[in-house]
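Please keep the structure open while you read.

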Amino acid sequence: MAGNRGKRPVAGPLNLMKEAIMKTNVGRTDTIVRLILAIVIFFLGFYYQSWWGAVGLIPLITGIAGVCPLYALLGISTSQKAQKI
């Protein structure tokens, strides 16, 4: 037999953290703001020839993915899906 096949994994701290982080917690307006902010940061980094433009990756990735790890840790959600539950 395969042991744990078909059984739900034990809810340990790492599993709970993974479930909390992977839920969509960035809403539509928040996504738009993050994407605009990412473009502005990229542009300013390019204009001033600074590596700080790379910081624009953070709002870009969280905006596209719809998941913000900081929001998950703080228990914040701007997503309407999460608010309906």
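1. Basis. This is a predicted model, in which local features need pLDDT of at least 70 and side-chain atom pairs count only at pLDDT 80 or more, while totals for chains, interfaces and linings use all residues. Residues are numbered from 1 along each chain as its sequence is written, and side-chain values use heavy atoms, with hydrogens and water left out.

2. Confidence. pLDDT is the predictor's confidence in each residue, from 0 to 100. The protein averages 82, and 71% of the residues score at least 70. Helix 2 has the highest confidence, at a mean of 96, and helix 1 the lowest, at 59. Helices are DSSP runs (H or I, at least four residues), numbered from the N terminus. Where pLDDT is low, the predicted coordinates should not be read in detail.

3. Aromatic pairs. There are 3 in the structure. Tyr47 and Tyr48 are edge-to-face, with 5.0 Å centre to centre and 85 degrees between the planes. Trp51 and Trp52 have ring centres 4.7 Å apart and planes at 25 degrees, so this pair is stacked. The cut-offs: rings of Phe, Tyr and Trp (its six-membered ring) pair if their centres lie within 6.5 Å; planes under 30 degrees apart are stacked, over 60 edge-to-face, the rest tilted. Ring pairs also link Phe43, Tyr47 and Tyr48 into a cluster.

4. Trp51 is exposed at 62%, and Trp52 at 53%. Buried means under 20% relative accessible area, exposed over 50%, partly exposed in between (1.4 Å probe, protein chains only).

5. Charge over a ring. Arg34 lies over the face of Tyr71, at 5.0 Å from the ring centre. The test is NZ of Lys or CZ of Arg within 6 Å of the ring centre and within 35 degrees of the ring normal.

6. Nonpolar surface. Ile32, Ile36, Val40, Phe43, Leu44, Tyr47 and Tyr48 make a nonpolar surface patch of about 760 Å². Patch residues have over 30% relative accessible area and no salt bridge; nonpolar side chains (Val, Leu, Ile, Met, Phe, Trp, Tyr) are joined within 5 Å, like charges within 9 Å. A salt bridge is a side-chain nitrogen of Lys or Arg within 4 Å of a carboxyl oxygen of Asp or Glu. Accessible areas come from the Shrake-Rupley method with a 1.4 Å probe. Ile36 sits in helix 2 (residues 28-47).

7. Lys23. This residue is in the loop between helix 1 (13-22) and helix 2. Lys23 is exposed, at 56% relative accessibility. The C-alpha atoms of Lys23 and Ser79 are 9.7 Å apart, although 56 residues separate the two along the chain.

Technical notes:
Helices (H or I, at least four residues) and strands (E, at least two) are DSSP runs, numbered from the N terminus.
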